[in-house]
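Work through the exercises below with the model at hand. Each task is followed by a stepwise solution.

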Amino acid sequence: LVAALAGADVAAARGEQESVLRALEPVLAIEHRAGVDEPGFWPWPQVFAEALISEGRLDEAEALLAPHERLAADRGRAAMAARLGRARGRLEAARGRLPSAEQAYQGALATLATLTMPFERAQVELAYGQALRRGGKRRAAATQLQAARDRFAALRATPFLERCERELRGCGLT
């Protein structure tokens, strides 16, 4: 599980979604799920869901997300709920439901406001900004993307910082 998650995280940082799916496939084959699916202990569901979304496998992403969202809520795992909220936002945006996507992103950001997790917050801001830009809301997108860029710069998270820069250029900003 540790090796699969590490491989998936590296592939995700590179933007190689197919490699994320391949890295995490063995996790799905584990029969005794109690420890594997415990929210927040092994943070793999949101990584897998986002890779599925990127590959256009939206129904599979929904099937994966729904039970993990319920479990995180039942257990009161705020950090995992926020991570899954980011994936939910991406799924809703991919389905063309921008208001639902915005609601998911705003919920994730509200949860993260109570936690010290700047990388996760920046990831939500980046995804939110991407959804807004693709939805034609360039000014609102720029606000989210600039916040994400500032956080990623402070963390020296270069691959993610570069994504922010590309998205900001897409908004007409440099």
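**Exercise 1.** What covers the buried residues of H8?

Solution. This is a predicted model, in which local features need pLDDT of at least 70, side-chain atom pairs count only at pLDDT 80 or more, and totals for chains, interfaces and linings use all residues. Residues are numbered from 1 along each chain as its sequence is written, and side-chain values use heavy atoms, with hydrogens and water left out.

Step 1. Helices are DSSP runs (H or I, at least four residues) numbered from the N terminus. Buried means under 20% relative accessible area with a 1.4 Å probe, protein chains only. In H8, Ala-141, Ala-142, Gln-144, Leu-145, Ala-148, Arg-149 and Phe-152 are buried.

Step 2. The cover of these buried residues includes helix H6 (98-112), helix H7 (118-134) and helix H9 (158-170).

**Exercise 2.** Check the span of helix H8 (residues 138-155).

Solution. Step 1. The expected span is 1.5 Å times one less than the number of residues.

Step 2. The 18 residues should therefore span 26 Å, and the end C-alpha atoms are 25 Å apart, which agrees.

Step 3. Just after H8, Arg-156 has a positive phi of about 55°.

**Exercise 3.** Which element gives the largest share of the lining of the largest pocket?

Solution. Step 1. A pocket is an open set of points on a 1 Å grid over the protein atoms alone, with protein on both sides within 12 Å along at least five of seven lines; lining residues have an atom within 4 Å of a point.

Step 2. H7 supplies the largest share, 6 residues.

Technical notes:
Helix = DSSP H or I, 4+ residues; strand = E, 2+ residues; numbered from the N terminus. Buried < 20%, exposed > 50% of the residue type's maximum accessible area, 1.4 Å probe, protein only. Contact = heavy atoms within 4.5 Å.
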